Amino acid sequence: MKTTVVVFDFDKTLVLENSLGYLFQAVAGKNYWAAAIPAITQSIFCLKFGYKLRLRVKQALYKKYLKGVSENSIYQAGTIAATRLTVNNNVMDALKTANERGETVVIATASPRIYVTGILDELKVNRFKVIGTEIDLETGCILGEECSREVKWHTVTKELYNLEIGTITGYGNAPDDLFMLKQVDQGFLVKGLLVFQYGI
């Protein structure tokens, strides 16, 4: 029997905020952003803006603050962040409906997988799988590539390879999830509390 898969982005989709700042606050304190200044300066000097700048900043912060940190510490940072985040009820209701229908719910995020797993567990979000960015905690470096944009979609399809899939529905925000929303059978673009069918 073929299954219906529903893929949900996390930051600015299932929750209204970008949750990553709470991770760095938990492991490094409120002034964590200071470590990003050299990466920002270098990106501007090299004329790298937008996604490339954000990725370079995250890479610098991961390397500075997650090197040598345990998986449990990152997971616990997620459980704490869950109390500070604002759930997007419109999207979370769609997730609950998918579960009630017996559909396969996947959370796909650019944030570290273990961190978002902690948030989802604390919020008691039922799902089949969490797919996210993997961090080598010995070095603080991203393993492979960040789970965003094209990489996110390719990782999702790889992880679901063994499933007999009928259709795939996706929920995400612009611009980072637009590639995924173009690939699925039915895509929904999330802008704050509003949810629009993508491509219509």
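## Ground rules

The model is predicted, so local features need pLDDT of at least 70 and side-chain atom pairs count only at pLDDT 80 or more, while totals for chains, interfaces and linings use all residues. Residues are numbered from 1 along each chain as its sequence is written, and side-chain values use heavy atoms, with hydrogens and water left out.

## Overall picture

Along the principal axes, the C-alpha atoms fill a box of roughly 50 × 35 × 35 Å.

Of the 200 residues, 46% are buried. Buried means under 20% relative accessible area, exposed means over 50%, and partly exposed is in between (1.4 Å probe, protein chains only). If you count contacts (heavy atoms within 4.5 Å), residues 24 or more positions apart account for 67% of those with a separation of 6 or more.

## The sheet

Strands of a sheet pair through backbone hydrogen bonds, either parallel or antiparallel. In this model, 6 strands make an open sheet with mixed pairing, in the order β3-β2-β1-β6-β7-β8. Two strands count as paired if DSSP finds at least two bridges between them. At the edges stand β3 (129-133) and β8 (194-197), each with a single partner strand, so one side of each has no neighbour in the sheet. From one strand to the next, the twist averages 20°. Angles run from 0 to 180 degrees between N-to-C directions, and axes are lines fitted to C-alpha atoms, for helices over the stretch in contact.

Now for the individual pairs. β1 (residues 3-8) and β2 (residues 104-112) run parallel, with 4 bridges between them; V5 has T104 as its bridge partner in β2. β6 (residues 165-172) and β7 (residues 186-191) are also parallel and joined by 4 bridges, and Y171 has F188 as its bridge partner in β7. To get from β6 to β7 the chain passes through helix α8 (residues 178-183), in a right-handed β-α-β crossover. Right-handed means that, with the strands pointing away from the viewer, the path from the first strand over the helix to the second runs clockwise. β7 and β8 pair the antiparallel way, over 4 bridges, with V195 in β8 as the bridge partner of V190. Their hairpin has 2 residues between the strands, and G192 takes a positive phi there, near 65°.

## Helix α6

Helix α6 (residues 113-122) lies across β2 and β3 and runs at about 125° to β2. Because 7 of its 10 residues are buried, α6 is largely enclosed by the rest of the structure. The buried ones are I114, Y115, V116, T117, G118, I119 and L120. Their cover includes α1, α4 (71-82), β2 and β3. After α6 comes K124, with a positive phi near 60°.

## Salt bridges

Side chains of opposite charge can pair when their charged atoms come close. The structure holds 8 salt bridges, each defined as a side-chain nitrogen of Lys or Arg within 4 Å of a carboxyl oxygen of Asp or Glu. One of them joins K152 and D9, with the closest N and O atoms 2.9 Å apart. K152 sits in helix α7 (residues 149-159) and D9 in the loop between β1 and α1 (20-28), so to speak a link across 143 residues. K152 and D9 are both buried.

K152 also forms a salt bridge with D177, at 2.8 Å between the closest N and O atoms. D177 is in the loop between β6 and α8, 25 residues from K152, and D177 is buried too.

Elsewhere, K58 and E146 meet in a salt bridge at 2.5 Å, N to O. K58 lies in helix α3 (residues 50-65) and E146 in the loop between β5 (141-142) and α7, so the pair ties together parts 88 residues apart in sequence. Both K58 and E146 are buried.
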